[in-house]
Amino acid sequence: FINKNSLENGLPDASADFVYSKDAWCYMPDKQQIIDQAARIVKPGGKVMFTDWIEGEGLSDPEAQRFLSLMTFPAIPTVEEYADMLKKANFEVEIAENSGRFSPAMNSYVHMLKRQAVYDAKKLLGWDEEAYDKLISDFEFMAKLAQEGKIIQGMFVGRKKGKKNVQSEM
C-alpha cells in the first residue's frame, strides 16, 4: 500500500498485478492520463478494475451543469467513453457496464442526511438551516438523477494486452 499522488506514484513500469479504484477517477481532470498511468504500472496480463460515477442515459445539459456544479468533477464520461480510453491504453475491455448500485447508494445518502446524520451535517454547516435545506435539495436532485439512470456507477475491468512473464520452476 502506498499513499501518493496516483499520477506521480514512483512505481516502476510493469510492477503491479492490478490497479483498483472505487469512485475516485471522477475527480481527475484528465481521465485518459490516469488510465495511461495504470497501464504503465500494470504488468502484461494484469488488470485495471474500477468503478466511477458516470453519465447514464438522457442527461440534459442543464442537469449535467447542475450536477457538475455540486461536485468537483471536471467532466462525467459515459460507459463507452471509458471503454474507449481503456482500449487506447492497450487494455482488452472485459467489463464496461452500469453496476446498478448508484441509485440505492444515493437513496441511502439522502436517508442518512435527513434522519441519521442531521446533527453532524448541521454542525459542519455552522447550524445554517438554509445551507442544510440546500444540501438536502442537492442530494435529492442527485438521487433523482440516479433513479432515472442519468447518473450511474460504471464498473470496468480491463486486462492489459501482451505476454505475461511466466517463470518456470526448475
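Trainee: How many bridges join E3 to strand E4 (residues 151-160), and do these strands run parallel or antiparallel?

Mentor: Seven bridges join them, and E3 and E4 run antiparallel. One case to look at is Glu 97, whose bridge partner in E4 is Met 155. Before we go on, this is a predicted model, in which local features need pLDDT of at least 70 and side-chain atom pairs pLDDT 80 or more, while totals for chains, interfaces and linings use all residues. Residues are numbered from 1 along each chain as its sequence is written, and side-chain values use heavy atoms, with hydrogens and water left out.

Trainee: What makes E3 and E4 a pair?

Mentor: Two strands pair if DSSP finds at least two bridges between them. Seven bridges join E3 to E4, so they pair by that rule.

Trainee: Which strands are the edge strands of the sheet?

Mentor: The sheet is open, with four strands in the order E1-E2-E4-E3 and mixed pairing. Strand E1 (16-22) and strand E3 (91-98) are its edges, as each pairs on one side only. The strands and helices are DSSP runs numbered from the N terminus (strands: E, at least two residues; helices: H or I, at least four). The chain has six helices and four strands.

Trainee: Why is H2 called oblique to H6?

Mentor: The axes of H2 (residues 61-70) and H6 (residues 129-147) cross at roughly 130 degrees and come within 11 Å. That makes H2 oblique to H6, because under 35 degrees counts as roughly parallel, over 145 as roughly antiparallel, 65 to 115 as roughly perpendicular and the rest as oblique. The axes are lines fitted to C-alpha atoms, for helices over the stretch in contact, with angles from 0 to 180 degrees between N-to-C directions.

Trainee: Which residues of H2 meet H6?

Mentor: Glu 63, Arg 66, Phe 67 and Leu 70 do, and their partners in H6 include Phe 141 and Leu 145. Contact here means heavy atoms within 4.5 Å.

Trainee: How do you know that Glu 94 and Lys 47 form a salt bridge?

Mentor: The rule asks for a side-chain nitrogen of Lys or Arg within 4 Å of a carboxyl oxygen of Asp or Glu. For Glu 94 and Lys 47 the N to O distance is 3.0 Å, so the pair qualifies. The pair links distant parts of the chain, with Glu 94 in strand E3 and Lys 47 in strand E2 (residues 42-55), 47 residues apart.

Trainee: How many salt bridges does the rule give?

Mentor: The count comes to twelve salt bridges.
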